[in-house]
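Good morning, and thank you for coming.

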Amino acid sequence: MTFQRIVIALLVLIVAGLGAIGYVEWKIAVQARTLKAFVEGYVFNEAVMACEQAKSSTPFKWNGGKSTSVIGLNSVKTDKYNVSASYTLVADSVYCDYDPIKRKAEIGSSFLERE
């Protein structure tokens, strides 16, 4: 009888622990989405201005473009210590990657191929 009670108590503790882990993970995910949305909103105007002013043979026209979309904030860990960030916009099939750290825009580049 004592063995059964111990096993049931352990199962209840495991289920409660898994529930707590799920709740904490959900709360962190909500906070991460909120932070990402805030950063994207903060960077958006700078990205549009930099992309429209970037020198390229293909003009980037966000304002007045027929088909525009935001791909969003991306990041790639290039090595153990460096993370490269990019905010990507598309206007009339012209891609523009904006680096919020360097405050530099590149038109027609692939973010994953950047240095």
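By a nonpolar core I mean a set of buried Ala, Val, Leu, Ile, Met, Phe, Trp, Tyr and Cys residues joined through side-chain atoms within 4.5 Å. Please bear in mind throughout that this is a predicted model.

The largest such core here contains 15 residues, and Phe60, Leu89 and Tyr98 make the most contacts inside it. Where do its members come from? Helix α1 (2-53) and the strands β2 (83-91), β3 (94-99) and β4 (104-107) each contribute at least two residues. The most come from α1, which gives five.

Let us look at phenylalanine 60. Setting aside neighbours within four places in sequence, what does phenylalanine 60 contact? The set is Cys51, Glu52, Leu89, Val90, Ala91, Val94, Cys96 and Ile107.

I turn now to the strands. β1, residues 68-77, pairs with β2 in the antiparallel sense through nine bridges, and the two form a hairpin with five residues between them. Within this pairing, leucine 73 has tyrosine 87 of β2 as its bridge partner, while serine 69 stands opposite valine 90.

β2 also pairs with β3, again in the antiparallel sense, over five bridges. Valine 90 has tyrosine 95 as its bridge partner in β3. The hairpin of β2 and β3 has two residues between the strands, and aspartate 92 in this hairpin adopts a positive phi near 50°.

How many of the nine residues of β2 are buried? The count is seven, so this strand is mostly covered, buried being under 20% relative accessible area. Threonine 88, a residue of β2, counts as buried at 6% relative accessibility. Not counting residues up to four places away in sequence, threonine 88 touches Val70, Ile71, Gly72, Asn74, Tyr95, Cys96 and Asp97.

In β3, aspartate 99 deserves a word. Is aspartate 99 buried or exposed? Its relative accessibility is 10%, and aspartate 99 therefore counts as buried. A polar atom of the aspartate 99 side chain lies 3.0 Å from the backbone nitrogen of isoleucine 101.

Next, the charged side chains. Side chains of opposite charge can pair when their charged atoms come close. A search of the whole structure finds one salt bridge. The partners are arginine 103 and glutamate 46, with a nitrogen-to-oxygen distance of 2.7 Å. Arginine 103 sits in the loop between β3 and β4 and glutamate 46 in helix α1, so the pair ties together parts that are 57 residues apart in sequence. With a relative accessibility of 52%, arginine 103 counts as exposed, whereas glutamate 46, at 25%, is partly exposed.

Helix α1 also holds alanine 32, which counts as partly exposed at 44% relative accessibility. Between the C-alpha atoms of alanine 32 and isoleucine 21, eleven residues apart along the chain, the separation is 16 Å.

Finally, a word on confidence. The mean pLDDT of the protein is 85, with 94% of its residues reaching 70 or more. Which element has the highest confidence, and which the lowest? The highest mean is 91, in α1, and the lowest is 82, in β1. Where pLDDT is low, the predicted coordinates should not be read in detail.

Conventions
Residues are numbered from 1 along each chain as its sequence is written. This is a predicted model: local features need pLDDT of at least 70, side-chain atom pairs count only at pLDDT 80 or more; totals for chains, interfaces and linings use all residues. Side-chain values use heavy atoms; hydrogens and water are left out. Buried means under 20% relative accessible area, exposed over 50%, partly exposed in between (1.4 Å probe, protein chains only). Helices (H or I, at least four residues) and strands (E, at least two) are DSSP runs, numbered from the N terminus. Contact means heavy atoms within 4.5 Å. A salt bridge is a side-chain nitrogen of Lys or Arg within 4 Å of a carboxyl oxygen of Asp or Glu. A polar contact is a pair of N or O atoms within 3.5 Å; within protein, one must be able to donate a hydrogen and the other to accept it, and residues adjacent in sequence count only if both atoms are side-chain atoms. Two strands pair if DSSP finds at least two bridges between them. pLDDT is the predictor's confidence in each residue, from 0 to 100.
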